[in-house]
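Work through the exercises below with the structure open. Try each task before you read its solution.

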Amino acid sequence: MSKNLVDYKGIKVKKELYPLIKHIEDVDKYREELGRLSSSWDIFALLGQLGDINIDIGKTKENFLNLTTTLLNHLSDETVKKTTQEMHFKAQVAIDIVIRNLFERTADIGFLATDDDIREFILHFVSKYDKESNFLKDQIKKRFLEYVKKYSVYYDIVLADTKGKILARLDDNIKVETIDSDLVSKILNTSEEYVETYNSHNFLPQYKKSLVYSYKVTRTNDFNSESLGVLCLCFKFNDEMQGIFSNLADKKNKETLALLDEDGYVIASSDENCISLNSKQEIVLDEDYKIVSFAGRDFIAKTCLTNGYQGFKGLKWYGHIMIPLEYAFLSEESNATKEVDEHIIEAMMENEQHFSRELKEVFNKSRNIQDNLSRVIWNGNVAQSKINSSNRDFSKSLLSEIGVTGSKANSSLNNLNRTIINSILKDSEFLSSLAIEIMDRNLYERANDCRWWALTTYFRTAFDDNDSLIHKEEEISSILKYINDLYTVYTNLLVFDKHGKIVAVSNEKEKHLVGKVLSNSWVEKTLNLKDTQKYCVSDFEKTTLYDNESTYIYCSAIRSFQDENIINGGIAVVFDSKPQFQAMLQESLPSDNSSVFALFTDRDKNVISSTNESITVDSKIDIEDRFFQLKNGEKISEIIEIDNKYYALGVRCSKGYREYKSASDDYINDVFCLVFIYIGKKCLNGLSKIKRKKFINSNILKKSFDKNSVELATFNLGKKFLAVHAKNVIESIGTDKLEKSIEMDKKNPFKGMVLHKDRLISILDIRSFINEEIKDEDLKTIILLEYDKDNKEHCIGILVSSLESISVVEDKAIQQIQSHFLGAGTLVESIVEIDDLDEPQVAMILDIKKIDDNLTQRDKTN
């Protein structure tokens, strides 16, 4: 026994698999099933001695046992590999989505700290005992509230002076008067563009730890300008993490997703009853997985560092996932029974990305065993047809049961195929859901940005004086450029007056737009928005504002500073859709995504973004309408065929994020994510490799043999169902026994010789004579035939694709056919309906003598 193998319940398994294999449901299920079948072989061996069936059952048992060992090792490998890859992907996604979100927060604090209203408040605030100061405090609190209404990821905003004394905050219920001096000092002395702290903050006593983004408020936008105070944005960390976890964690296998700090302590958990907050976990970075113990239970665990987003990596946090070992490898019971077309299975088996070379070899061995057993049983039935014994019916019944048992032994492999296919479907559905969530989250920010920037006090006061607006272009452009430098997902920000005329832009390369009048429909919609919470978005369409390519433009109204009900203009932000959508899709796909591509589309099948170079933006995707009839948040996955290729297609319809695209939001724009996972090429020549019929002779006892009946040996040559009289069959053998001829003429039916019991028998290929196109590799069996027992020369062999049954038919049911031509030869003497199969079929009975006379004689003359 190899040193790398250990015994697991009678099966030799790899050492590294031993701690896991007992938890892999599919492996145990197949092991028990195949173990029961092994016992059946022992019973058949005993019964075979009574029935004289001449089959070496011991050899068959050994073949299946060896196959079982190989299969279970490969199945274990594949199951562990898939599970751990999914764990890695989820842990990676969990931390990367968080970082993506927090990147937006760094821009928020950088911009809000330069808000002129906040500067003015600090400069003019005297004390809480001053009446004018209290009025100013109420006004700044209203501004904070407006901000949080737009950016609903914050629950509090805190403003303090340079000594840490709190001047104003959104939540006045908290009676803390100062910010810790260490944090204030850190903020005032930072050389970075923000300060990110996850800690215990004295001004947020309701939380043991909280995530806060802070920055200094300076007199001007100049970095070296005098500091006036510090501003803190308090992020809804727990709320955000539960939203991320709920879309990633699979409750069925009781997996827990978590964020760990740099020391391995849990700062967020999808299931605190399982993995508690502040508990210390082992960081598993360098291994694919590790079995760890926690709270008296064994888990399989994996940890991931963030990939970062646009260079931002945040605090040194980790994405972490843990699954109880007993739940880590549950079988896909709900999906495994779902029928899958055999053409799809065949295509999948040719794709090494889904079906490894080693696993394919297991299937090839299984087929060889099945073919050999099928041949032996067929030969056994042929032999029984030639003897008159009291054991005849018993022997035939026993042969039938052996065939059924062999079929059961192979059914495990077929179930495995279906499991793999359904797992691919599940993956496509998960990936489409992930991508659409990232898109919804991203576009939520765009709706927030345009609404908040429209409330910039300088814009509002400048637009109140329309006559002098033209002279303020430089200052407005400067503000827009400052914003755009912070929020790099836009190619341009522009403001326009109540006539649609562009007043200023952020992108200096687009200054030629200033003075031009916009006639787009979204301009009129912007100028008629009801309140500061409203916004509008262009259709995804080509626009000169985005280099004549398609994008979304988000807009909001600029309202009078004197009267909020008066709209003087609007702001439009041009989303850089091409790279941004591309990044969203790419980040949602596995790193090795050569066999996967994804699309964003609208409900009318128009492509918004694509990772497939052959499918361009603004083209239409030509698949069935039903995939685009999903309701918000609904998903579906199916196998589809495109250009003779099979794909697992997962589709998810957007449902929005927080209040974005929710019931309270006027904006309706359903986006779909479609993820295509390539399964394989469609076999255009039929099921040549994997379509396996049931073991022959399963219905042999439907009819009993008597003096008015004959037995026919049936078989297939491609799609043709053929037969010969069983009494003329010597036996069937594999093509490996064929000594091939030197091919001088490929059309010559003579293919070589077989030495069988001292007889040299010519082997013929009759494909062209029955007009059947079959690949050479599909001719796997030879049937040896004789029509004159006294003359050894009257023997031939014919190549066939598969064996069927030894069937009993009544003499009178056979219909003779005179001079019936098939192709160039007269090979058929009669026809008969075989009704002891699963489905009745008409068989053409070959005339062996005619085949010999017409084909081998022609060879002799040549």
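**Exercise 1. A serine in a loop**

Which backbone atom of glycine 718 lies 2.9 Å from a polar atom of the side chain of serine 801?

Solution. Keep in mind that this is a predicted model.

Step 1. Find serine 801. The residue sits in the loop between strand 32 (795-800) and strand 33 (802-810).

Step 2. Check the glycine. Its backbone nitrogen is the atom in question, 2.9 Å from a polar atom of the serine 801 side chain.

Step 3. Look for a second partner. The side chain of serine 801 also reaches the backbone oxygen of asparagine 716, at 2.8 Å.

Step 4. List the surroundings. Not counting residues up to four places away in sequence, serine 801 touches Asn716, Leu717, Gly718, Asp778 and Leu779.

Step 5. Classify the burial. The relative accessibility of serine 801 is 18%. The cut-off for buried is under 20%, so serine 801 counts as buried.

**Exercise 2. An aspartate in a helix**

Decide whether aspartate 852 is buried or exposed, and find what its side chain contacts.

Solution. 

Step 1. Aspartate 852 belongs to helix 16, which covers residues 848-861.

Step 2. Read the accessibility. The relative accessible area of aspartate 852 is 5%, so the residue is buried.

Step 3. Find the partner. The aspartate 852 side chain makes a polar contact with the side chain of tyrosine 787, at 2.6 Å.

Step 4. Compare sequence with space. Aspartate 852 and isoleucine 796 are 56 residues apart in sequence. Their C-alpha atoms are 6.8 Å apart.

Step 5. Step back to the whole chain. Of the 862 residues in the protein, 55% are buried. Take the contacts between residues at least 6 apart in sequence: 64% of them join residues at least 24 apart.

**Exercise 3. Two helix pairs**

Solution. Two packed helices are described by the angle between their axes and the distance between the axes. The protein has 16 helices and 36 strands.

Step 1. Take helix 4 (residues 116-124) and helix 5 (residues 131-150).

Step 2. The crossing of helix 4 and helix 5 is left-handed.

Step 3. Name the residues. Helix 4 contributes Asp117, Ile118, Phe121 and His124. Helix 5 contributes Ser133, Leu136, Lys137, Ile140, Arg143 and Phe144. By class, the contact of helix 4 with helix 5 holds 5 nonpolar, 2 polar and 3 charged residues.

Step 4. Move to helix 12 (residues 457-464) and helix 13 (residues 473-486).

Step 5. Tyr458, Phe459, Ala462 and Phe463 come from helix 12. Glu475, Ile476, Ile479 and Leu480 come from helix 13. The contact of helix 12 with helix 13 has 7 nonpolar, no polar and 1 charged residues.

**Exercise 4. Positive phi**

Solution. Most residues other than glycine have a negative phi.

Step 1. Check glutamine 310. Its phi is positive, about 50°, although the residue is not a glycine. Glutamine 310 lies in the loop between strand 11 (297-305) and strand 12 (318-324). At 43% relative accessibility, glutamine 310 counts as partly exposed.

Step 2. Check lysine 757. Its phi is also positive, about 50°. Lysine 757 lies in the loop between strand 29 (750-756) and strand 30 (759-764). Lysine 757 has a relative accessible area of 67%, so this residue is exposed.

**Exercise 5. A threonine and its contacts**

Which residues does threonine 735 contact, leaving aside its neighbours within four places in sequence?

Solution. 

Step 1. List the contacts. They are Leu779, Lys780, Thr781, Ile782 and Leu799.

Step 2. Judge the accessibility. Threonine 735 is partly exposed, with a relative accessible area of 28%.

Step 3. Threonine 735 and valine 754 are 19 residues apart along the chain, and their C-alpha atoms are separated by 9.3 Å.

Note on methods. Residues are numbered from 1 along each chain as its sequence is written. This is a predicted model: local features need pLDDT of at least 70, side-chain atom pairs count only at pLDDT 80 or more; totals for chains, interfaces and linings use all residues. Side-chain values use heavy atoms; hydrogens and water are left out. Helices (H or I, at least four residues) and strands (E, at least two) are DSSP runs, numbered from the N terminus. Buried means under 20% relative accessible area, exposed over 50%, partly exposed in between (1.4 Å probe, protein chains only). A polar contact is a pair of N or O atoms within 3.5 Å; within protein, one must be able to donate a hydrogen and the other to accept it, and residues adjacent in sequence count only if both atoms are side-chain atoms. Contact means heavy atoms within 4.5 Å. Ala, Val, Leu, Ile, Met, Phe, Trp, Tyr, Cys and Pro count as nonpolar, Asp, Glu, Lys and Arg as charged, and the others, Gly among them, as polar. A crossing is left-handed if the near helix is turned anticlockwise from the far one by less than a right angle, and right-handed if clockwise.
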